[in-house]
Amino acid sequence: MKNCWYADNRDLVKWSALVHIANMNSASCILQIAYFREHSFPNVELDTQEKVLPEEVQKHFRDIKNIENLSLPIKIKVFDEVLADRKQYLLEAKKFIFRYSMEGRCVVFLDPDTGLEPTKPNLRHVLRKEANEFWKSIKIDDVLVLYQHQTNKNGKPWEEAKRIEFEKAIGAPKGSVKVGRGPKLANDVVLFYAIKANTP
C-alpha cells in the first residue's frame, strides 16, 4: 500500500474487520504485510513560495506504523519494508511472520494497494504464488487475510469470483474463505479471510 492512502474510510473497514477477526479467533497478534510503496507528497504553497510537508506532519497523518499504537490487548506489528524485489520481499516477510508467530495465534494481513493479481499484475498486487507461500508459512489456527479492491467499474458482481480465486490460490478447502466488508463506509473493498485448519 502507498502511505498516501493511509487513514481513509477503507482503513476504518480494514482495521475494524481485522480486530473482530482477531477477537473471534482468540489471536494475540495482527501482522500487517503492507506491500509498502513509497510516495512523495507534493509541496504546500505559502503565497508564492513552495514549502515541503514537514516530516512530523507526514508521520502524524500518513505513517502506516501508527496502527501499532492502537490501544488493544492484541499486538499489531507492521512489516513496512519497501516492495521492490518480490523474491527478497517474500523471504523477509516470512521471516517477520515467523518472528512473531511463536507468541500465539496470529492474523496475517496481506495489504496491497489493489488485491490479488489480475491478468497483468504489478507491484499493487499480491501474486497468487505469494498468497500460497504465505498460507503455507502460517501455523494451524492462524488466519490469513487479503485486502481486495473492487476489480471492475461496470457494476458487474466481482466479490464471489475474486473470493474463489483467492481460495484456489492458497489451496484452502472449498467454501472456507469468508468475506469482511463495510459497505456503508467503503463499498469498493472487502477482506477475504481463512483460518488454517489441520487437514489430514
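Guide: A disulfide here is a pair of cysteine sulfur atoms within 2.5 Å. This is a predicted model, in which local features need pLDDT of at least 70 and side-chain atom pairs count only at pLDDT 80 or more, while totals for chains, interfaces and linings use all residues. Residues are numbered from 1 along each chain as its sequence is written, and side-chain values use heavy atoms, with hydrogens and water left out.

Visitor: Which handedness has the link of Cys29 and Cys106?

Guide: The sulfur atoms of Cys29 and Cys106 lie 2.5 Å apart and form a disulfide. The angle about the S-S bond is 60°, and the link is right-handed.

Visitor: How many residues apart are Cys29 and Cys106?

Guide: Strands (E) are DSSP runs of at least two residues, numbered from the N terminus. Cys29 belongs to strand E1 (residues 29-33) and Cys106 to strand E5 (residues 106-110), so that the pair links distant parts of the chain, 77 residues apart.

Visitor: Is His149 buried or exposed?

Guide: Buried means under 20% relative accessible area and exposed over 50%, with partly exposed in between (1.4 Å probe, protein chains only). His149, found in strand E8 (residues 143-149), has a relative accessible area of 15%, and therefore counts as buried.

Visitor: With which side chain does the side chain of His149 make a polar contact?

Guide: A polar contact is a pair of N or O atoms within 3.5 Å; within protein, one must be able to donate a hydrogen and the other to accept it, and residues adjacent in sequence count only if both atoms are side-chain atoms. At 3.2 Å, the partner of the His149 side chain is that of Tyr147.

Key:
Helix = DSSP H or I, 4+ residues; strand = E, 2+ residues; numbered from the N terminus.
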